[in-house]
Amino acid sequence: MSYVRSFLPWIVFAVLPSAQWQWAALAGLAVAVALIAQQRKSGAGFDALIIELGSAAYFAALAAVAFADHDSAVHDYSAALSSGTLALIAAVSLLIGKPFTLGIAKRTTPREVWGLKPFVRTNTVITAVWAAAFVATAAVLAVMAHAGQGHSTAATVVQAAGFALPMVFTTRYVAAVQAKAGAR
């Protein structure tokens with residue numbers, strides 16, 4: 001459930017009408033800011049808010065572009081840019097040694113596990129899979145946008161798969177790691 005909450009700004013942006021993209025971007029920004037405020041109030045560290053912070057920055061920039069020029073060519077590629085931004089956030093989190101899934105996993109994992117190598121390694125693998133899924137999704141969506149299908153039903157299916165597949169992987173991989181650890 002933590003993953004759904006982290007990606008809620010992107011879900012809000014995706015479900016609002018494409019023709020009103022400036023308002024969808026503003027809604028994504030508002031949800032991201034609200035999530036950050038709510039999570040900080042409940043004691044979450046910034047390491048647990050990597051996606052939310054990146055989301056707020058992206059939607060602030062997108063809203064500025066969208067309100068400045070409603071007919072901007074950025075609109076055609078906004079779905080691809082969204083996935084590309086998520087790929088960048090995930091990749092940077094790996095590069096700085098703070099996989100974004102680590103902060104999410106800490107929300108439901110006992111503190112004594114946080115520093116253990118298997119816990120960190122598991123989250124590094126999971127974040128890498130999310131990053132790869134976002135890169136693949138961004139590439140497919142960019143090709144679709146170039147073909148004039150950036151806001152089609154097929155593009156929506158690609159976006160949904162770009163979230164669903166790594167989410168399924170995460171659930172199964174964590175279960176496999178936990179089963180393996182339990183067998184020891």
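## A buried glutamate and its salt bridge

Glu52 counts as buried, at 1% relative accessibility; buried means under 20% relative accessible area, exposed over 50%, and partly exposed in between, with a 1.4 Å probe and protein chains only. This is a predicted model, in which local features need pLDDT of at least 70 and side-chain atom pairs count only at pLDDT 80 or more, while totals for chains, interfaces and linings use all residues. Residues are numbered from 1 along each chain as its sequence is written, and side-chain values use heavy atoms, with hydrogens and water left out.

The structure holds 1 salt bridge, a term for a side-chain nitrogen of Lys or Arg within 4 Å of a carboxyl oxygen of Asp or Glu. Glu52 forms a salt bridge with Arg107, and the closest N and O atoms are 3.3 Å apart. Glu52 belongs to helix H4 (residues 50-68) and Arg107 to the loop between helix H6 (100-106) and helix H7 (117-146), so the pair ties together parts that are 55 residues apart in sequence. Helices (H or I, at least four residues) are DSSP runs, numbered from the N terminus. Arg107 is partly exposed, with a relative accessible area of 23%.

## A nonpolar patch on the surface

A nonpolar patch on the surface is formed by Val4, Leu8, Ile11, Val15 and Leu16, which together have about 370 Å² of accessible area. Patches are made of residues with over 30% relative accessible area and no salt bridge, and nonpolar side chains (Val, Leu, Ile, Met, Phe, Trp, Tyr) are joined within 5 Å. Accessible areas come from the Shrake-Rupley method with a 1.4 Å probe.

Helix H2 (residues 8-15) gives the largest share of the patch, 3 residues. Val4 lies in helix H1 (residues 2-6) and counts as partly exposed, at 32% relative accessibility.

## The second largest pocket

The second largest pocket has a volume of about 250 Å³. A pocket is an open set of points on a 1 Å grid where a 1.4 Å probe fits, with protein on both sides within 12 Å along at least five of seven lines; lining residues have an atom within 4 Å of a point. The volume is the space filled by probe spheres set on the points.

This pocket is lined by 13 residues, and Trp10, Ala14, Gln159, Ala160 and Phe163 lie nearest its centre. Two or more lining residues come from each of H2, helix H5 (78-95) and helix H8 (153-183); H2 gives the largest share, 5 residues. The lining divides into 9 nonpolar, 4 polar and no charged residues.

## Two pairs along the chain

His146 lies in helix H7 and is exposed, with a relative accessible area of 66%. His146 and Asp76 are 70 residues apart in sequence and 8.1 Å apart in space, C-alpha to C-alpha.

Ala32 lies in helix H3 (residues 21-41) and is buried, with a relative accessible area of 0%. Ala32 and His75 are 43 residues apart along the chain, and their C-alpha atoms are separated by 20 Å.

Terms used:
Patches are made of residues with over 30% relative accessible area and no salt bridge: like charges are joined within 9 Å, nonpolar side chains (Val, Leu, Ile, Met, Phe, Trp, Tyr) within 5 Å. Ala, Val, Leu, Ile, Met, Phe, Trp, Tyr, Cys and Pro count as nonpolar, Asp, Glu, Lys and Arg as charged, and the others, Gly among them, as polar.
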